[in-house]
Amino acid sequence: MDLIAGKSPSDDDSGRGDRRKGVKYLVDMTPCMRVLPEEYVLPLQPEKLISSSRVAIPVIDLSGLDGSIGRRMMTVEAIGSACAHWGFFRIINHGVKVSLMEEMLKVVDGFFNLTAEEKMNYASEDVMNPVRVVTKEYLEEVWGLAIRISGAISEALGLERDYVEKSLGEGCQIVASNYYPPCPEPHRTLGLAAHSDHGGVTILMQNEVDGLQVKHQGEWVAVQHVPGTLVVNIGDYIEILSNGKYKSVEHRAVVNAERTRISIAVGHGPKMTATVAPASPLVDEKSWVKYRPIMYKDYMRAQQSSAVRGKSPLQALMTNTTVMK
Ligand SMILES: O=C(O)CCC(=O)C(=O)O
Ligand SMILES: [Fe+2]
């Protein structure tokens with residue numbers, strides 16, 4: 001697959017004037033900007049920030065999945081525990097070449113440095129419209145990685161190793177390329193508002209500038225960049241499939257006054273017409289169906305259209321009443 005959906009964070013796609021051209025355009029046009037334009041100011045977030053030096057997302061050595069049976073089991077357990085407690089983890093020894101990661105970052109940087117007019121050729125109001133501007137190799141590698149991780153998640157849930165993979169079917173891969181230019185008043189806004197991802201496994205790569213924050217036990221934890229590693233998080237699709245055992249976790253991106261940050265989030269979901277529902281082996285007399293089934297396409301649209309993203313589209317699917325399989 002060679003799809004890349006270019007998006008510039010904080011764009012509202014409302015079509016009003018230059019706002020559609022992105023934050024980068026705004027910054028390029030006003031190089032001496034000292035004050036954040038009013039429409040980008042966001043209400044302050046009340047939650048406390050925990051420094052990443054005190055607490056950090058779990059680190060998983062992915063080579064353990066190819067080790068002895070015992071080592072694989074330990075790795076699967078570690079992934080299961082990371083999914084249950086954090087919804088996020090960092091992977092090392094993941095097998096994706098650093099040179100390929102760097103090349104991908106360069107492609108995205110190149111894309112955002114096209115002129116606003118050139119970029120508008122790729123612009124679309126619809127997240128389902130693919131844009132082709134990148135070679136396939138990184139995305140193929142990352143797809144393979146997502147399938148390996150999905151195998152571990154299946155096993156950790158007590159399902160057949162290929163359960164999630166089969167449920168994804170031919171699948172879909174969505175690439176969100178985020179470009180966060182320096183901001184004159186970084187504390188009054190966000191690069192990307194708090195949200196959970198809609199798909200199964202998201203694999204996130206970034207340049208050396210920090211900005212990702214993950215909600216953990218009601219507080220925001222800053223995730224520090226570690227060169228050569230990738231960050232993995234589970235999306236709403238896995239929360240629903242696991243019948244709530246694993247939670248897709250809210251995350252957001254903050255900006256800074258000095259340096260441009262680039263991140264590339266690659267999400268892996270089922271095909272658009274697939275029905276998303278809790279895995280039937282995980283539903284028995286003791287565990288109720290916690291989410292109503294929905295077509296993936298409909299879920300994605302609901303998620304993309306909600307103004308305050310958070311996790312509200314997922315909460316709308318939750319069954320308050322006890323519904324048996
Ligand atoms: O920029 C980041 O680190 C987060 C990006 C993200 O969460 C997304 O594109 O869904
Ligand atoms: Fe995300």
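**Strands, ligand shell and selected residues of the predicted model**

The end C-alpha atoms of residues 168-270 lie 4 Å apart, and the span is 7% helix and 44% strand. In the UniProt record, an unreviewed entry, the annotation "domain: Fe2OG dioxygenase" covers residues 168-270; UniProt positions are given in the numbering used here, feature names are shortened, and annotations may be inferred rather than shown by experiment. The model is predicted: local features need pLDDT of at least 70, side-chain atom pairs count only at pLDDT 80 or more, and totals for chains, interfaces and linings use all residues. Residues are numbered from 1 along each chain as its sequence is written, while chains are lettered from A and ligands numbered from 1 in the order in which they are written.

The protein contains nine helices and 16 strands. Helices (H or I, at least four residues) and strands (E, at least two) are DSSP runs, numbered from the N terminus. Of the 325 residues of the protein, 38% count as buried. A residue is buried if 20 or more other C-beta atoms lie within 10 Å of its own, exposed if 12 or fewer, and partly exposed in between, with C-beta atoms placed from the backbone. Among contacts between residues at least 6 apart in sequence, 80% join residues at least 24 apart; two residues are in contact if their C-beta atoms, placed from the backbone, lie within 7 Å.

An open sheet is formed by five strands in the order β2-β9-β8-β11-β6, with mixed pairing. Strands β2 (49-50) and β6 (192-195) stand at the edges, each with a single partner strand, so one side of each is left without a neighbour in the sheet. Two strands pair if DSSP finds at least two bridges between them. Strand β2 pairs with β9 (residues 219-222) in the parallel sense over two bridges, and W220 in β9 is the bridge partner of L49.

A further set of pairings involves β4 (residues 88-92), a mostly covered strand in which four of the five residues are buried. Strand β3 (residues 59-61) pairs with β4 in the parallel sense over three bridges, and the bridge partner of V59 in β4 is R90. From β3 the chain crosses through helix α2 (residues 69-85) to β4, and this β-α-β crossover is right-handed; that is, with the strands pointing away from the viewer, the path from the first strand over the helix to the second runs clockwise. Strand β4 is also joined by four bridges to β10 (residues 230-234), and these two strands run antiparallel. Here F89 has V232 in β10 as its bridge partner.

Strand β10 pairs in turn with β7, in the antiparallel sense and over four bridges; in this pairing V201 stands opposite I234. Strand β7 and β12 are likewise antiparallel, with six bridges, and I203 stands opposite V266 in β12. Six of the six residues of β7 are buried, so this strand is largely enclosed by the rest of the structure. Both faces of β7 are covered, with V201, I203 and M205 buried on one side and T202, L204 and Q206 buried on the other.

The residues around ligand 1 are A176, N178, L192, D197, L204, Q206, G211, L212, H251, A253, S263 and A265; a residue is counted here if its C-beta atom, placed from the backbone, lies within 6 Å of the ligand. At least two residues of this shell are supplied by each of β5 (172-180), β7 (201-206), β11 (251-253) and β12 (261-269). By residue class, the shell divides into six nonpolar, five polar and one charged. Ala, Val, Leu, Ile, Met, Phe, Trp, Tyr, Cys and Pro count as nonpolar, Asp, Glu, Lys and Arg as charged, and the others, Gly among them, as polar.

Most residues other than glycine have a negative phi. N93, which is not a glycine, has a positive phi of about 50 degrees. N93 is found in the loop between β4 and α3 (98-112), and counts as partly exposed, with 13 C-beta neighbours inside 10 Å. N243, also not a glycine, has a positive phi of about 55 degrees. The loop between α7 (236-241) and β11 holds N243, which counts as buried with 20 C-beta neighbours inside 10 Å.

G144 lies in helix α5 (residues 137-156) and is exposed, with 12 other C-beta atoms within 10 Å. The C-alpha atoms of G144 and V96 are separated by 9.9 Å, the two residues being 48 residues apart along the chain.
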